[in-house]
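Okay, thanks for making time, everyone.

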Amino acid sequence: MHLRERLQHPAAWWLWGLGLATAASRTTNPVLLLLVIGVCALVVTERRDPAIPNPLPAFLVLGAGIIVFRLVMTAILGNGIHGDTVLFTLPTLPLPEWASGVRIGGPVTLESLLFALYDALRLAAILACVGAANALASPRRLLRYLPVTLYDVGTAVVVGLTFAPQLLADARTVRAARSLRGRDGRGIRETARLAVPVLETAFERSLGLAASMESRGYGRAVHTSPRGRRFASALALIGLLGVLGGLYGLLDSSVGGALGLPLLALGVLLATASLAVGARRDGRTGHRRERWEWTETLTVATGALAATVLVIASVQAWPGIVPAQSAQPPPVPLPAALAVLVAGAPAFFTPIPRGARR
Amino acid sequence: MSTRRVIPLRWPSVAAVCLVGVVGLLAFTWPFFVSADFATAHGNDAPWLFAVLLGLLSLVCLAEITAGHLDAKAIAVLGVAAAAGGAMRLLSAGTAGLEPMFFVVIVAGRVLGPGVGFVSGSLAVTTGALLTGGVGPWLPFQMISAGAVGLGAGLLPVTAGSRAERWAVAGYALVSGLLFGLFMNLWFWPFLGPNAPTGMGFVPGAPLATNLAHYGLFYLATSLGWDLPRGVLNAALVVVAGPALLRVFRRAARRAAFGAPVDFDPHSVVPPSPSATAHGASR
């Protein structure tokens with residue numbers, strides 16, 4: 001079977017990443033979490049967007065940093081887990097009376113270290129999922145799918161994205177000019193001097209862009225009627241009130257937790273609807289419209305499968321989903337591991353990104 | 001000179017901002033007053049729930065504030081604020097915490113009003129995240145917090161262009177830098193649970209004073225070292241470059257003529273003179 005080279009729909013990759021992140025958030029089993037990270041790395045290696053620099057390594061480094069930081073902090077300051085297996089003992093630092101809850105140094109147990117490691121590994125796995133989504137589909141491709149009410153805001157973000165690198169180039173130019181005049185360009189005062197010409201240029205360019213947008217009839221792209229606008233505002237406000245009431249019910253169980261979740265869901269629904277009904281846009285054709293085909297559906301399905309299996313596993317408390325902190329390797333529930341592995345299948349059945357082969 | 005309001009805040013927007021503000025406050029401070037059984041049952045899901053919820057609500061808030069008020073020029077000015085914020089993020093990607101981004105947001109909110117302050121704050125964070133590929137569950141929390149920083153800058157009760165403005169805004173930059181860190185830690189603090197250092201972790205169901213004391217220690221031990229330099233850097237930037245930058249923004253706002261009243265009266269239109277028509281036709 002041959003698939004034409006193309007980039008998959010960004011929403012498919014982000015939903016897949018969210019599913020895998022949900023799966024990772026439900027377990028602290030190190031084997032499962034390492035599997036999640038491995039799946040992310042595999043899919044990114046096979047199918048990443050070749051047009052952008054790969055952000056996954058940065059996310060992995062961040063995750064590794066979190067693990068190391070947690071382990072060091074746990075060794076020095078301890079955590080809430082008290083174990084019997086003392087690995088080594090650090091010298092204790094005496095502290096004043098007011099900080100009585102804190103200890104620095106003392107015995108370091110295997111249990112507390114393992115707890116810290118498993119928990120940090122879970123955060124690292126979630127970060128890997130987010131990083132994989134960033135690498136597979138650049139989030140700025142999602143800007144196209146903003147609701148019409150946010151069309152103008154989306155345009156402002158696109159203007160910002162386009163101008164930010166130019167701003168840096170301008171700053172370099174001004175700095176070079178100043179260094180030619182014998183300034184070394186360091187220090188806070190020099191930075192401040194830099195800001196004025198750079199921002200002046202940016203405004204010049206941006207207002208020029210605005211003038212050209214206006215002369216091309218940009219302002220007529222979005223239609224709002226006062227009545228539709230009022231309707232949307234009412235929906236948004238009622239939705240926000242619903243969200244607030246639902247949260248109150250959820251957080252304060254004495255009021256009645258049963259009412260909280262439906263109220264919250266209703267509020268979220270109304271608030272989302274207010275984004276959809278607030279304005280409408282002229283029908284227009286898109287350049288290089290992204291398509292949703294069976295590979296996209298299957299990608300989302302694999303992510304959703306992993307999330308579903310792990311959620312069921314954590315609700316039914318399968319052995320090994322939240323392993324005990326002991327020296328023996330924890331048991332790995334086979335269905336959960338298989339579900340995570342299936343989430344790696346998009347590395348093989350999805351179309352190859354355009355420009356990845358040369 | 002009066003402050004030009006590029007985005008006027010009408011009562012639905014004000015109500016929406018207030019409601020989202022209350023939800024945002026809940027999203028950050030729920031660990032302090034939630035019941036013990038909720039915390040043990042949902043302590044791990046709550047940050048995700050709030051991340052999704054705040055993401056949606058910040059979009060609703062942006063839509064409410066901007067709907068029907070943005071013309072091409074307002075978009076251009078917001079674009080510059082977003083670009084400046086994003087560029088600052090690119091520059092400071094290596095030095096965690098030293099983010100001069102707030103400086104731009106505060107100046108924009110100061111000159112162009114609280115509405116623009118909110119929008120440019122959240123857009124600057126979004127642009128920075130999109131540029132560095134750092135879109136994650138922290139983004140909604142940052143959008144709300146940075147928006148609040150810009151909003152507050154627009155609401156500062158000092159007259160524009162006065163001598164006091166410089167110091168008031170500098171003080172505001174320092175305080176908001178510290179508060180931003182204080183609130184941003186809260187979104188992941190309950191996550192740490194028993195994994196936080198002894199005496200600094202979130203204890204579900206413990207009295208408010210205990211959790212506040214624990215969080216205070218946690219903040220002092222981990223975050224203050226980053227937040228204080230950021231606050232001081234932003235305040236210093238405001239003192240040194242603030243007046244000049246305020247002038248740049250005010251000039252841009254004047255040139256874009258946001259305040260200019262538009263009235264069109266068909267009777268007052270001067271009919272074109274014959275010579276001008278002839279000139280036009282001959283071309």
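So, look at H2(A) where it passes H4(A): the crossing there is left-handed. This is a predicted model, by the way, so keep that in mind throughout. We're talking about residues 30–47 of chain A for helix H2 and residues 110–136 of chain A for helix H4, and the two pack at an angle of about 15° with their axes 9 Å apart. Angles under 35 degrees count as roughly parallel, so that's what we call H2(A) relative to H4(A).

Who actually meets whom? On the H2(A) side you've got Pro30(A), Leu33(A), Val36(A), Ile37(A), Cys40(A), Val43(A), Val44(A) and Arg47(A). Across from them, H4(A) brings residues including Tyr118(A), Leu121(A), Arg122(A) and a set of alanines, among them Ala124(A), Ala125(A) and Ala128(A). Sort that contact by class and you get 16 nonpolar residues, 2 charged and no polar ones.

How many helices and strands does chain B have? The count is 11 helices and 0 strands, so if you read the elements from the N terminus on, you just keep saying alpha. Chain B has 283 residues, and 52% of them count as buried. Take the contacts in chain B between residues at least 6 apart in sequence: 78% of those join residues at least 24 apart.

Now some annotation. The unreviewed UniProt entry lists "transmembrane region" for residues 12–34, 46–67, 143–161, 167–189 and 232–249 of chain B. Let's hold two of those up against the model. Residues 46–67 of chain B come out as 95% helix and 0% strand, with the end C-alpha atoms 31 Å apart. For residues 167–189 of chain B, it's 91% helix and 0% strand, and the end C-alpha atoms lie 33 Å apart.

Last bit: where the chains touch. Chain B puts 69 residues into the contact and chain A puts in 70. Which elements of chain B give two or more residues to that side? They are helices H1 (11–33), H2 (36–42), H3 (46–66), H4 (72–91), H6 (114–132) and H10 (208–255) of chain B. H4(B) supplies the largest share, 14 residues.

Key: Residues numbered from 1 in each chain as written. Chains lettered and ligands numbered in written order. Predicted model: local features only at pLDDT ≥ 70, side-chain atom pairs only at ≥ 80, totals over all residues. Helix = DSSP H or I, 4+ residues; strand = E, 2+ residues; numbered from the N terminus. Buried ≥ 20, exposed ≤ 12 C-beta atoms within 10 Å, placed from the backbone. Contact = placed C-beta atoms within 7 Å. UniProt positions renumbered as here; feature names shortened; annotations may be inferred. Axes fitted to C-alpha atoms, helices over the stretch in contact; angles between N-to-C directions. Parallel < 35°, antiparallel > 145°, perpendicular 65-115°, else oblique. Left-handed = near helix turned anticlockwise from the far one by under 90°. Nonpolar A, V, L, I, M, F, W, Y, C, P; charged D, E, K, R; others polar.
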